[in-house]
Amino acid sequence: MIKLNIGFIGTGVMGASIVTRLKKKHTLHIYTRTKQKAEELIQNGAIWEGSPSALAAQCDIIFTMVGYPEDVNEVYSGEEGIFKTAAEGTICVDLTTSKPELAKQLFDIGKSKGIHMIDAPVSGGDLGAKNGILSIMAGGEESIFNEILPVLKEFGSNIVYHGKAGSGQHTKMSNQIVIGSTMTGVCEALTYAIKAGLNPEKVLASISQGAAGSWSLSHLAPRVLNEDYEPGFYIHHFIKDLKIALDESKKMGLSLPGLELALKSYEQASDIGLSDKGTQALFKVYEDQI
């Protein structure tokens with residue numbers, strides 16, 4: 001593979017691990033709002049750039065992984081945004097979970113400037129990023145997706161092209177709807193098992209390999225039992241995702257009560273001070289019943 005100049009904006013819990021993997025084969029230029037949080041990456045050879053526009057001027061491919069749709073819009077279209085300096089032919093890949101409509105808008109703006117946009121939200125949390133086994137859901141031009149596929153394979157293992165711009169974001173909404181309802185079920189199952197006087201580790205050993213098995217049950221339920229609520233994915237970001245999914249479902253005339261219940265449960269978790277914890281901290285909403 002040719003060594004590329006790759007830009008990465010947003011080096012949080014997952015972004016830092018992706019940068020570490022990409023840096024093994026490429027030159028990495030990074031930017032994040034708080035430079036101190038990227039110091040370890042800088043010390044290990046990543047090149048710090050002072051703004052998204054400064055970064056864009058240096059790079060062949062640019063990845064963005066920020067918090068909210070408004071952050072995505074600012075990173076691309078703001079006064080110091082990527083679109084100010086990126087050269088024609090630059091490929092931009094937004095890994096943020098964001099609004100499908102915004103993905104379409106950025107695709108159109110990029111196209112008018114000769115810049116290629118791919119919306120490619122990911123799933124798999126901190127462990128998936130560290131181990132290079134993220135699921136990546138892509139929308140945009142298929143030819144551009146195929147061009148960057150070798151790079152995506154450096155941090156993802158389940159990589160699927162879904163169609164036109166915005167399709168990756170719609171697929172991620174489906175993913176988040178499943179996770180929202182699943183985590184509610186995991187927390188209620190653990191609450192029930194403990195209240196019934198069972199050994200929850202043994203219960204997990206039984207149900208995680210049966211028809212109830214899921215990634216959340218296998219990877220996040222053990223964290224709950226170890227009282228490890230640190231984020232692989234923040235609750236406040238998950239609430240953002242569930243709200244986008246609910247808004248999109250209403251636009252399509254859908255009634256999704258499981259999604260509504262999951263959002264309400266996670267808002268309860270946020271209300272009791274858990275917004276900066278991982279999604280598994282939803283269990284603490286049920287804890288006072290045990």
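Modeller: A salt bridge here is a side-chain nitrogen of Lys or Arg within 4 Å of a carboxyl oxygen of Asp or Glu. The model is predicted, so local features need pLDDT of at least 70 and side-chain atom pairs pLDDT 80 or more, while totals for chains, interfaces and linings use all residues. Residues are numbered from 1 along each chain as its sequence is written, and side-chain values use heavy atoms, with hydrogens and water left out.

Colleague: How many salt bridges does this rule give?

Modeller: Side chains of opposite charge can pair when their charged atoms come close. Counting by the rule just stated, the number of salt bridges is seven.

Colleague: Aspartate 126 and arginine 223 form a pair that ties parts of the chain together; how many residues apart in sequence are those parts?

Modeller: Helices (H or I, at least four residues) and strands (E, at least two) are DSSP runs, numbered from the N terminus. The side chains of aspartate 126 and arginine 223 form a salt bridge with an N to O distance of 3.3 Å. Since aspartate 126 belongs to helix H6 (residues 125-131) and arginine 223 to helix H10 (residues 215-225), the parts tied together are apart in sequence by 97 residues.

Colleague: Are aspartate 126 and arginine 223 buried or exposed?

Modeller: Buried means under 20% relative accessible area, exposed over 50%, and partly exposed in between (1.4 Å probe, protein chains only). By that scale, both aspartate 126 and arginine 223 are buried.

Colleague: What is the relative accessibility of glutamate 230?

Modeller: Glutamate 230 forms a salt bridge with lysine 277 at 2.9 Å, N to O. The two are 47 residues apart, lysine 277 in the loop between helix H12 (257-271) and helix H13 (283-286), glutamate 230 in the loop between H10 and helix H11 (235-251). Lysine 277 is partly exposed at 30%; glutamate 230 is also partly exposed, with a relative accessibility of 44%.

Colleague: Which helix holds glutamate 267, the partner of lysine 243?

Modeller: The side chains of lysine 243 and glutamate 267 meet in a salt bridge of 4.0 Å, N to O. This pair links parts of the chain 24 residues apart: lysine 243 lies in helix H11, and glutamate 267 lies in helix H12.

Colleague: Within what arc do the buried residues of H12 fall?

Modeller: The buried residues of H12 are Leu259, Ala262, Leu263, Ser265, Tyr266 and Ala269. They line one face of the helix, because their directions seen down its axis fall within a limited arc. With the arc taken over the directions from the helix axis to the C-beta atoms, its value is 165°.

Colleague: Which exposed residues does H12 carry on the face turned away from its buried side?

Modeller: On the buried side, H12 packs against helix H8 (167-195), H11 and H13, where contact means heavy atoms within 4.5 Å. The face turned away carries the exposed residues Pro257, Lys264 and Asp271.

Colleague: How many of the 17 residues of H11 are buried?

Modeller: The buried residues of H11 include Phe238, Leu242, Ile244 and Leu246. Among the elements that cover the buried residues of H11 are helix H4 (69-77), helix H5 (100-112), H8 and H12. H11 is largely enclosed by the rest of the structure, because the number of its residues that are buried is twelve.

Colleague: Which helix does the chain pass through between strands S8 and S9?

Modeller: Strand S8 (residues 134-139) has six of its six residues buried. It pairs with strand S9 (residues 156-163) in the parallel sense over six bridges, pairing requiring at least two DSSP bridges. The chain crosses from S8 to S9 in a right-handed β-α-β crossover (clockwise from the first strand over the helix to the second, with the strands pointing away from the viewer), through helix H7.

Colleague: Which residue of S8 is the bridge partner of serine 123?

Modeller: Strand S7 (residues 122-123) runs antiparallel to S8 and is joined to it by two bridges. In S8, the partner of serine 123 is serine 135.
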